[in-house]
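Subject: Structure handover

Hello,

Here is the structure you will be taking over. Please open it alongside this email.

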Amino acid sequence: MLARSITHALVGLEPRRVEVEAHIDGGLPGFAIVGLADRACAEAKHRVRSGIGSAQLEWPLKRITVNLAPAGLRKEGSGFDLAIALSVLAASRQVPADALAQHAAVGELALDGRVRPVRGAFAVAEGARRAGLGRILCAPESACEAELGGVEAVPVSHLGEAVAYLRGELRPPPADPPEEVEEPDPPDLADVRGQERARRALELAAAGGHNLLLAGPPGTGKTMLARRLPSILPPLEPKEALEVMRIHSVAGVLPPEQPLVTHRPFRAPHHSASTAAIVGGGPGPRPGEASLAHRGVLFLDELPEFQRPALEALRQPLEDGVVAIARAQGQALFPARFQLVASMNLCPCAGRGDPAAECSCSPQRLASFRDKLSRALLDRFDLVVTVPRPRAVELAAGPSEPSAAVRERVRTARRRLQGPPSRRTADADELLSRAVERLPLSGRGRARVARVARTVAALAGTEAVLPEHVAEALAYRSPKELAA
């Protein structure tokens, strides 16, 4: 007796169709799972047997073999439990095989037969839609997420409910629509006192999608400024929201009550994070912070404290907008088109650049501090700003311009930047050429200055890039404190 059910394995963000074949034959009773299953997947035989017994269903006292096809594709995680259990029940004639063939299934089984949610339900539902299946059996907590994948979710809280549904004895209630959860607004730029140059750099970064490095002594508002960047960014487009949702679903960080992401991500990992945590990886590659920040902001506070390999690994996604992780079984691709915002002190003792303190760092210690950041990484920051300590009169001033007003200017500038490229005047070209020789600028640096100058022109509302726009863009290259 042979029966099949359909589920999907995740390779990076891509769902791969998996046929769960259950074969029941005579001989000594036994239960084996084959098909390159990892330990969590292979342990399904214990959860499935206990779950079937707890659901008051009959466990076949025969030799049971479950094959997860294709056998060459590695299967990871506990999301195959429900499909395995239903295949075994269909092979033993306790579930109609033709009804099961019209559904995909995803979920982990508890020992008492309850169906638990698993990560990646949205991607699995997308795979079911591409395979021509219109329905997916899943845990109630995964139903909203699965429906956004383009199929009808059938929420079943227990294996017994799934069996009764497939027999036609029960119609589970439809998936509840996502709750209207009020997401807190990001911190407002009106809280920042003074720091006009840093605020201007933040606006440029938001308008042009530029990478930003804030350098200066402690307590000058670097982190405060960085955390207010999302408040001046335009909201996610529907297509962008689905991209972000797919990544967060596979990573398992999507809240079940509000699966559709509406705010741009803001990720701020601790400086102790490993390379795999930053860019993704692991035995079964999962997205890292760079991908979780896709279409949003990745903030690295105290940049030199991060491990250098982790920082160097960011160079590829900063250029290509994607993280490629190679494994023996193949390659996993994770989108990673984010804005990098970082902050740092100017020296290890944090006294450099502060008129109220004196730097006690030796030349050797200062050189070692600078060696933590490669020139290649610093070259990828379009805007580098030294943030001074604010004056007393600035701290005592009232609220500054709110984020809403800045966001409107950013939206207008982005619309201009989506149009034909702005023409640079002859004087602007000459100034840029002289800067290449005198600063000096690499080819990448020249291109980034040109991009920032175009953003300055877009915010100014001019049709052409003028010398003053290039001059402002050049003013945001690495300051002497970092280049020395």
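This is a predicted model: local features need pLDDT of at least 70, side-chain atom pairs count only at pLDDT 80 or more; totals for chains, interfaces and linings use all residues.

Average pLDDT over the chain is 91, and 96% of the residues reach at least 70.

Helix α6 spans residues 140-147, and its buried residues are Ser142, Ala143, Cys144, Glu145 and Ala146.

Asn345 sits in the loop that runs between β15 (339-344) and α15 (363-370). Its relative accessible area is 12%, so Asn345 counts as buried, the cut-off being under 20%. Leaving aside residues up to four places away in sequence, Asn345 touches Gly216, Pro217, Pro218, Lys222, Glu302, Ala350 and Phe369.

The largest pocket has a volume of about 930 Å³. Its lining consists of 31 residues, and those nearest the centre are Gly208, Gly209, Arg295, Arg337 and Arg414. Two or more lining residues come from each of α8 (196-208), α14 (315-320), α18 (403-417) and α20 (443-460). By type, the lining holds 13 charged, nine polar and nine nonpolar residues.

When you look at the model, the pocket can be found from Arg295, Arg337 and Arg414, which are among the residues nearest its centre.

Regards

Definitions and conventions:
Residues are numbered from 1 along each chain as its sequence is written. Side-chain values use heavy atoms; hydrogens and water are left out. pLDDT is the predictor's confidence in each residue, from 0 to 100. Buried means under 20% relative accessible area, exposed over 50%, partly exposed in between (1.4 Å probe, protein chains only). Helices (H or I, at least four residues) and strands (E, at least two) are DSSP runs, numbered from the N terminus. Contact means heavy atoms within 4.5 Å. On a 1 Å grid over the protein atoms alone, a cavity is a set of points where a 1.4 Å probe fits but cannot get out, and a pocket is an open set with protein on both sides within 12 Å along at least five of seven lines; lining residues have an atom within 4 Å of a point. Grid points are joined across faces, edges and corners, and a volume is the space filled by probe spheres set on the points. Ala, Val, Leu, Ile, Met, Phe, Trp, Tyr, Cys and Pro count as nonpolar, Asp, Glu, Lys and Arg as charged, and the others, Gly among them, as polar.
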